[in-house]
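Here is a structure to walk through step by step. Keep the sequence and the 3D view side by side.

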Amino acid sequence: MKKKTPRGNVVQLSEEEPEKKPPARIIAIASNKGGTGKTTTAMNLAGALALRERRALVIDLDPQCNASITFNVIIDKNTGKGIRPLLTKEDANIKDCMFARGQWCDFIPADPDLYDVHTELAIDPRGRFRLRDHLQQVINSYEYSIAERSFPLLNLAEMLCQPRS
Ligand SMILES: Nc1ncnc2c1ncn2[C@@H]1O[C@H](COP(=O)(O)OP(=O)(O)OP(=O)(O)O)[C@@H](O)[C@H]1O
Ligand SMILES: [Mg+2]
């Protein structure tokens with residue numbers, strides 16, 4: 001198939017143009033107020049996306065671990081998986097930290113001792129960007145990335161998203 005450009009030059013296109021994949025949408029569900037439906041929203045969103053066969057990555061950042069319990073992924077701080085290494089280690093491998101939950105959903109669980117990481121991140125200038133940098137390694141594998149619950153002193157959107165250039 002040949003297409004004319006506005007200047008009249010002819011450019012050669014392949015038979016089927018590859019469909020341009022939109023960038024993953026990152027959804028941050030955060031509120032310092034308890035009991036406002038953060039976990040419920042994240043879980044239902046993940047379920048609805050799976051039913052629509054959309055690839056999603058769900059991230060639990062809450063030491064209460066309610067999303068992790070719902071997904072039946074219970075870990076402790078020494079497991080070396082889940083959100084802790086992604087918040088604290090530059091050399092963590094994000095793929096090693098996640099758990100597949102069915103064909104469409106991957107999940108990164110929290111651990112119940114995450115409060116101590118919060119204190120660490122608040123005084124570490126690199127800390128708040130570490131998760132964002134790890135997330136960039138896999139973000140193109142997903143259509144949606146859903147993270148719930150921030151730490152009181154940190155901005156969840158800032159922790160997840162690259163600034164616009
Ligand atoms: N849209 C809704 N309509 C009615 N009830 C809801 C709705 N969303 C959540 N709830 C109920 O509100 C309660 C709190 O929800 P949830 O645990 O999701 O809040 P949360 O913000 O994650 O709480 P926490 O801050 O403790 O983690 C639950 O009992 C849940 O079933
Ligand atoms: Mg919750």
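This is a predicted model: local features need pLDDT of at least 70, side-chain atom pairs count only at pLDDT 80 or more; totals for chains, interfaces and linings use all residues.

Start with helix 1, residues 38-51. The helix has 14 residues, which at 1.5 Å a residue should span 20 Å. Its end C-alpha atoms are 20 Å apart, so expectation and model agree.

Now look at how the helix sits. Its buried residues are Lys 38, Thr 39, Ala 42 and Ala 46. They cover an arc of only 100° around the axis, so they lie on the same side of helix 1. On the other side, Asn 44, Ala 48 and Leu 51 are exposed.

Move to Leu 51, which lies in helix 1. Leu 51 counts as exposed because it has 9 C-beta neighbours inside 10 Å, and the cut-off for exposed is 12 or fewer. Trp 104 is 53 residues from Leu 51 in sequence. In space, their C-alpha atoms are 8.7 Å apart. After helix 1 comes Glu 53, with a positive phi near 60°.

Finally, turn to ligand 1. Gly 34, Gly 35, Thr 36, Gly 37, Lys 38, Thr 39, Thr 40, Asp 62, Gln 64, Asn 66 and Arg 149 surround it. Helix 1 gives the most to this shell, with three residues. Eight residues of the shell are polar and three are charged; none is nonpolar.

Note on methods
Residues are numbered from 1 along each chain as its sequence is written. Chains are lettered from A and ligands numbered from 1 in the order in which they are written. A residue is near a molecule or strand if its C-beta atom, placed from the backbone, lies within 6 Å of it. Helices (H or I, at least four residues) and strands (E, at least two) are DSSP runs, numbered from the N terminus. Ala, Val, Leu, Ile, Met, Phe, Trp, Tyr, Cys and Pro count as nonpolar, Asp, Glu, Lys and Arg as charged, and the others, Gly among them, as polar. A residue is buried if 20 or more other C-beta atoms lie within 10 Å of its own, exposed if 12 or fewer, and partly exposed in between; C-beta atoms are placed from the backbone. The expected span of a helix is 1.5 Å times one less than its number of residues. The arc is that of the directions from the helix axis to the C-beta atoms.
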